[in-house]
Amino acid sequence: MKRKRRTEILINGSKELAAQLADEIIHHYDVETIEEPNNGLVMVKVRETAKKSMFYMGEVFVTECKVQINGSIGLGIVKSHDHELAYQLAVIDAAYNVGLQETSEWTSRLLGEEERIVEQRKTAQSKVLKTKVSFETMDDE
Amino acid sequence: MAYVAVRGGTIAIEESIKRLKFERVKKGAIATIPSIEGGMRGLIDQVMSEGSLYSETLAAIAIKQAEGNPEEAVFLLRAYRSTLPRKHYSRTIQSEDMLIERRISASFKNIPGGQVLGATPDYTHRLLDFDLIQETEEEARQWLSDFQEIQEKESDLRDLIQYPKVLDYLRKEGLIADCDNQDQEPDDVTRKSLEFPTSRSQRLQVLTRGQTGAVTSLAYAVIRAYGSVHPTVGELRVGEMPIYIDNPINQKTEEDDAYYLGEMKLTEVEMLIPVTVEKERGKKEIEFEIGYGICFGQNETKAIAMGILDNCLENKNPQYPTSDEEFVLFHIDSVESSGFISHLKMPHYVTFQSKLDSARKTKRQENASQKESNL
């Protein structure tokens with residue numbers, strides 16, 4: 001599974017999933033931390049819609065961590081202060097980068113979690129859509 | 001005269017800082033960080049937006065420390081921000097990718113996707129709700145649980161991501177001229193001080209981190225008397241925007257290889273501003289310009305005001321101060337304006353004594369001349 005989709009599931013999904021997957025690697029491989037979880041900033045670049053130009057709108061506070069497994073680096077980065085999750089994400093990322101066999105078994109678990117996230121989002125959306133206005137038309141325009 | 005350095009304020013300052021804590025805790029109740037995050041969404045959004053740093057928790061800590069004073073909280077947040085390393089730049093975000101929670105238009109009743117009100121105080125009576133005095137956490141949890149358990153009819157399954165944009169609709173209709181993407185890398189006012197004339201990216205960056213009250217007041221001045229702009233909200237949307245960074249290890253820029261960081265709540269506004277343009281043979285036609293506003297959090301008034309000022313600063317009408325870049329951009333920053341004004345209460349003994357000396361000297365000379373003329 002590609003990194004974008006995988007990190008979306010791990011960050012938006014249950015925290016237990018990231019912890020479980022990382023644990024499976026930590027207990028069987030030598031995981032070297034090369035950058036302890038630490039805080040920093042990511043500058044957000046926006047494309048505005050009036051002239052379609054770009055500008056910087058401000059920074060988001062993140063936690064970042066880097067680990068290494070069998071010579072491959074894994075990066076974990078997440079919005080807010082969350083050292084534990086940043087470390088787990090880094091371990092999972094390194095496991096994918098080095099191509100550990102465990103990762104092939106993770107796909108179905110990640111897809112299951114993604115399904116749950118989609119269902120949650122649908123429920124939340126249906127609540128928001130209750131505030132959609134049904135105009136009673138009083139003229140042609 | 002000779003200036004003499006003075007000291008002796010150390011103990012008084014230490015006691016003053018204790019006194020500040022006393023004022024914060026003297027009622028025997030303290031605001032916890034979760035309670036601020038839970039119940040002060042509006043203030044958190046304002047502080048994050050003016051502080052130019054997105055973190056609800058850091059904003060809550062700043063609000064607690066500042067006892068709810070927004071200018072002090074913004075100062076604290078900016079000061080903390082300056083201690084952190086900037087690790088990455090995000091992939092360019094576009095509001096089409098926003099997960100909509102609210103989306104309205106004041107220009108068109110029937111917009112593609114409809115008007116979604118979301119959460120807004122716009123339709124409340126603004127009567128103080130005294131029941132809130134007695135509200136308990138248990139009651140709040142029960143209300144939340146009941147609210148979440150109600151199964152909604154699945155009559156409208158429109159995905160609230162990639163929700164249609166009103167501007168796209170108008171551009172397709174030919175009512176607003178379309179334009180190509182401008183891919184010039186933005187300037188960054190946090191790295192290089194403003195120089196005039198400014199670039200569009202500098203203007204938008206200063207406006208989005210501007211003080212809510214200042215931005216709103218100047219935009220109000222534009223409409224009331226100090227501008228020639230008569231805008232309408234084309235589209236206002238509030239929602240969660242996903243943030244990604246490109247892979248920094250392999251320097252890859254493929255979308256699928258990006259790292260997802262999480263979401264942040266944004267307010268985006270596109271203001272439609274009618275302008276009369278002269279066509280061939282003196283024929284006059286109305287066209288629409290767009291003013292753009294966007295802020296961290298749900299800050300709708302500020303985003304609307306930003307859209308108005310964006311248009312004024314683009315057009316640079318010399319008749320009005322609200323079109324003057326220096327007048328607007330140098331005076332709307334919370335830390336700069338409140339910092340400068342409040343520094344006036346700091347000791348100015350030396351400069352003031354110097355002025356007083358001059359005043360006394362003049363007075364003495366006047367008195368001496370008066371005596372001489374009386375002789």
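What distance separates the centres of domain 1 of chain B and domain 2 of chain B, taken over C-alpha atoms? The answer is 29 Å. Before going further, please keep in mind that this is a predicted model, in which local features need pLDDT of at least 70, side-chain atom pairs count only at pLDDT 80 or more, and totals for chains, interfaces and linings use all residues. Residues are numbered from 1 along each chain as its sequence is written, while chains are lettered from A and ligands numbered from 1 in the order in which they are written.

Let's start inside chain B. Domain 1 covers 10-81 and domain 2 covers 95-120 + 157-179 + 187-338, with bounds from an automatic or database domain assignment. Between them, 12 residues of domain 1 are in contact with 13 residues of domain 2 (C-beta atoms, placed from the backbone, within 7 Å). On the domain 1 side, helix H3 (41-51) and helix H5 (70-81) of chain B each supply at least two residues, and H3(B) has the largest share, 6 residues. Helices here are DSSP runs of H or I with at least four residues, and strands are runs of E with at least two, numbered from the N terminus.

Now turn to where the chains meet. Chain B brings 64 residues to the contact and chain A brings 48 residues. On the chain B side, the elements giving two or more residues include helix H4 (56-65) and strand S5 (259-278); S5(B) gives the most, with 6 residues.

A strand pairing also links the chains: strand S2 (residues 54-69) of chain A and S1(B) run parallel over 2 bridges, where pairing requires at least two DSSP bridges. Here Glu59(A) stands opposite Leu53(B) in S1(B).

Conventions. Two residues are in contact if their C-beta atoms, placed from the backbone, lie within 7 Å.
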